[in-house]
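Let's take a friendly walk through one protein structure, a strand at a time. Have a look at the picture first, and then read on.

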Amino acid sequence: QVQLVESGGGLVQVGGSLRLSCTASGHTGNFAMGWFRQAPGKERETVATISWTSASKHYSDSVKGRFTISRDNGKNALYLQMNILKPEDTAVYYCAVARRFGSSTFLNDYDLWGQGTQVTVSS
C-alpha cells in the first residue's frame with residue numbers, strides 16, 4: 001500500500017519561494033496526483049493536479065502563474081514549486097493520489113493522502 005510523505009514546508013517571507021516534495025513508499029506512476037491545501041476555517045481546496053504522464057496540469061486561479069506542479073514517476077515523487085508567495089497561500093499543504101484515475105481535478109477522486117506540511121507566509 002502506498003504511503004505519502006510531504007516535506008519542504010516552513011516559514012517564508014512575502015514574495016519568496018518554497019519547494020514542496022512528496023515521496024511515496026510505493027508506485028504512483030499510473031495515477032493522477034495533486035496538491036491540496038487547507039487554511040484554518042476554510043474548506044480543503046485543490047491547488048494543482050497532474051496526470052500520470054504529466055501531459056495535463058491544472059492550477060487553481062489563485063496560484064496560476066506562480067506555482068508549478070511536476071512529478072518524477074521513476075522516483076515516485078511529486079513536487080510543487082511555489083513562487084511569489086502571498087499571505088493567502090498560508091495553509092497546510094497535502095499531497096494526494098487518485099488511485100482510480102489517470103487524470104482528475106476533483107478533490108473527492110483523491111483517496112490516498114499524506115499527513116500535510118505547513119506553509120506560512122509572513123506579511
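This is a predicted model: local features need pLDDT of at least 70, side-chain atom pairs count only at pLDDT 80 or more; totals for chains, interfaces and linings use all residues.

## A hairpin to begin with

Strand β7 covers residues 67–72, and six bridges join β7 to β8, with the two strands running antiparallel. Together β7 and β8 form a hairpin that has four residues between them.

Asn76 has a positive phi of about 50°, and its place is in the loop between β7 and β8. Is Asn76 buried or exposed? With a relative accessibility of 10%, Asn76 counts as buried, because the cut-off for that word is under 20%. Leaving aside residues up to four places away in sequence, Asn76 touches several others, among them Cys22, Thr23 and His27.

On to the rest of β8, which spans residues 77–82. Five of its six residues are buried, so β8 is largely enclosed by the rest of the structure.

You can find Leu20 standing opposite Leu80 in β8.

## One disulfide

How many disulfides does a search of the whole structure find? The search finds one, and this disulfide joins Cys22 to Cys95, with 2.1 Å from S to S. Cys22 lies in β3 and Cys95 lies in strand β9, so the pair ties together parts that are 73 residues apart in sequence. In general, a disulfide is a covalent bond between the sulfur atoms of two cysteines.

The angle about the S-S bond is -65°, and the link of Cys22 and Cys95 is left-handed. Cys22 is buried, with a relative accessible area of 0%. Cys95 is buried as well, with a relative accessible area of 0%.

## Strand β9 and its partners

Strand β4 (residues 32–38) pairs with β9 in the antiparallel sense over seven bridges, and Met33 has Val97 in β9 as its bridge partner. Strand β11 (residues 117–122) is joined to β9 by three bridges and runs antiparallel to it; here Val92 is partnered by Gln118. Strand β10 (residues 112–113) is also antiparallel to β9, with two bridges, and Trp113 in β10 is the bridge partner of Ala96.

How values were computed:
Residues are numbered from 1 along each chain as its sequence is written. Side-chain values use heavy atoms; hydrogens and water are left out. Buried means under 20% relative accessible area, exposed over 50%, partly exposed in between (1.4 Å probe, protein chains only). Two strands pair if DSSP finds at least two bridges between them. A disulfide is a pair of cysteine sulfur atoms within 2.5 Å. Contact means heavy atoms within 4.5 Å.
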